[in-house]
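User: Please take a close look at one part of this model, the loop and its setting, and follow the connections from there into the rest of the fold. A plain account will do.

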Amino acid sequence: MDFFKKHSFKIAVLALCAAMGIYLFITYGMPEKQTLPIEKAAPAFELTDLDDQKVTLASTNGKARIVYFYFANCPDVCPPTTFLLSQVQEQLKEEGKLGTKAELISITFDPVRDTPEVIRDFAKRNFADLNGWRFLRGDESNTMQIARDFGIGVIKNEDGSFSHSNVITIVDKDGQIRKWIDGSKEDLTAEEIVNQLNKVL
């Protein structure tokens, strides 16, 4: 009894705080999950995978996607960014989302040199799991236009290489572009990319 008399004020304050917390929870509920704004509809495309099967934007709907344009002979940004995406792949695996709720799509600018065999080797070097990571190719000029429609700057150089903006695009399950991420950002991590992707899952 002495305990309650001695600490009655503290107990009253704690009870009041608890009551207020319950009231706020009932009134406002759980905080809303963060999401990303819709930037624009992703452009429709029709490309082929490494087994020469047709893949379209519509056929990949239902999963959130990370879309990246590259070419295997790229001397600078493509290899490290693709390796970073392999770390994204592993984190999505750990979260149980790869291939079920999310997937990665890499599209080459250079289908002449990037044959299915070359791409398979490139994918293997970057630890890609083809169950949750699609590598697509198509007509060169068409692919470059698709990239531009995605918001990626690209030009073909005289030596046959490509100069392009190094951008990772997040597309939601309904085919809407939700975010462009600078793949050359020095402190960019797989965790940051997955955190952004999770906002549209």
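Analyst: **From a loop to the sheet and core**

D52 sits in the loop that runs between strand 2 and strand 3 (54-56). Strands and helices here are DSSP runs, E of at least two residues for strands and H or I of at least four for helices, numbered from the N terminus. This is a predicted model, in which local features need pLDDT of at least 70 and side-chain atom pairs count only at pLDDT 80 or more, while totals for chains, interfaces and linings use all residues. Residues are numbered from 1 along each chain as its sequence is written, and side-chain values use heavy atoms, with hydrogens and water left out.

D52 has a phi near 65°, a positive value in a residue other than glycine. At 60% relative accessibility, D52 is exposed; buried means under 20% relative accessible area, exposed over 50%, and partly exposed in between (1.4 Å probe, protein chains only). F127 also has a positive phi without being glycine, near 60°. F127 lies in the loop between helix 5 and strand 6, and with 56% relative accessibility it counts as exposed.

L104 stands opposite W133 of strand 6.

In helix 6 (residues 140-149), the buried residues are E140, T143, M144, I146 and A147. They cover an arc of only 155° around the axis, which puts them on the same side of the helix; the arc is that of the directions from the helix axis to the C-beta atoms. Their cover includes strand 2 (46-48), strand 4 (64-70), strand 5 (102-108), strand 7 (154-156) and strand 8 (162-164). Q145 of helix 6 is partly exposed, at 36% relative accessibility. Helix 6 is followed by G151, with a positive phi near 100°.

F69 touches T143, I146 and A147, among others including I107, F109 and F150, contact meaning heavy atoms within 4.5 Å. F69, F109, F135 and F150 have the most contacts inside the largest nonpolar core, which has 53 residues. Strand 4 gives the most to this core, with 6 residues. A nonpolar core is a set of buried Ala, Val, Leu, Ile, Met, Phe, Trp, Tyr and Cys residues joined through side-chain atoms within 4.5 Å.

Conventions
Pairing = 2+ DSSP bridges. Lists of a residue's contacts leave out its neighbours within four places in sequence.
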